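My entries follow in the order in which I looked.

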Amino acid sequence: MSADTPRRIVLLRHAKADWPQVSDHERPLAERGRLEAATSGRRLSDTGIGFDLALCSTATRTRETWKLAVHELPHRPKTVYEERLYEASLGDLLALVNETQDEVADLLLIGHNPGMHALADVLAASAEGDALARMTQGGFPTAAFAVVGFEGSWKSVEHGVGRLLDYWAPHD
């Protein structure tokens, strides 16, 4: 793929988690979260994006979200469980994206807030239709996702390089 290949990054926040007496990293999905994760998977499938790579936080709630969502996709992309996605800062997230190999056209990150929302916000210099207004108004609730498109290599991803192509939240 060339450096000017159109690319997409999808930022998926984990579904609703429960609050049992476990460490934050080990929190499982709540019943509502299990339903949200499957719904998000169906909505991701509806986008028609054929993900080349999924990077998923190692936290229990993100792994469970991905396990339920991926069953709704037409094909399972290569999945890497990435410790750096848990509690990642905006800088950490940008660094992970910049490390992506250029053979990847469509990347999915399954992570946490505030990082997912912050990354969508800073990457998108423009937006399709009312996607930015909906994302700004609704925040980035559990199981929500944003699709950001850009051209260039993953190494060139920085503030303002993309266009918010889609935003979806379960209660939109």
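**Sheet.** I began with strand 6 and strand 7, which pair in the antiparallel sense over five bridges; two strands pair if DSSP finds at least two bridges between them, and strands (E, at least two residues) and helices (H or I, at least four) are DSSP runs numbered from the N terminus. Across this pairing, Ala146 has Tyr167 in strand 7 as its bridge partner. Before going on I noted that this is a predicted model, in which local features need pLDDT of at least 70 and side-chain atom pairs count only at pLDDT 80 or more, while totals for chains, interfaces and linings use all residues. Residues are numbered from 1 along each chain as its sequence is written, and side-chain values use heavy atoms, with hydrogens and water left out.

I then followed strand 7 to strand 5, and found that the two run parallel and are joined by three bridges, with Gly162 in strand 7 as the bridge partner of Ala124. Strand 1 (residues 6-13) and strand 4 (residues 106-111) also pair in the parallel sense, over six bridges, and here Leu11 has Leu109 in strand 4 as its bridge partner.

Taken as a whole, the open sheet has seven strands in the order 3-2-4-1-6-7-5, with mixed pairing. Strand 3 (78-82) and strand 5 (124-127) stand at the edges with a single partner strand each, so one side of each has no neighbour in the sheet. Neighbouring strands are turned by 25° against each other on average, direction ignored, where axes are lines fitted to C-alpha atoms, for helices over the stretch in contact, and angles run from 0 to 180 degrees between N-to-C directions.

Helix 4 (residues 115-123) packs on the sheet, touching strand 1, strand 4, strand 5, strand 6 and strand 7, and its direction makes about 150° with that of strand 1; contact means heavy atoms within 4.5 Å.

**Core.** Which residues touch the most other members of the largest nonpolar core? I found Ile9, Leu107 and Leu109, in a core of 31 residues; such a core is a set of buried Ala, Val, Leu, Ile, Met, Phe, Trp, Tyr and Cys residues joined through side-chain atoms within 4.5 Å. Buried means under 20% relative accessible area, exposed over 50% and partly exposed in between, with a 1.4 Å probe and protein chains only. Leaving aside neighbours within four places in sequence, the contacts of Ile9 include Val97, Leu123, Val148 and Trp154.

**Rings.** I counted three aromatic pairs, a pair being rings of Phe, Tyr and Trp (its six-membered ring) with centres within 6.5 Å, stacked if the planes are under 30 degrees apart, edge-to-face if over 60 and tilted for the rest. The ring centres of Phe145 and Trp168 lie 5.6 Å apart with planes at 35°, so this pair is tilted. Phe145 belongs to strand 6 (residues 145-151) and Trp168 to strand 7 (residues 162-168), 23 residues apart. Phe145 is buried at 0% relative accessibility, and Trp168 is buried at 12%.
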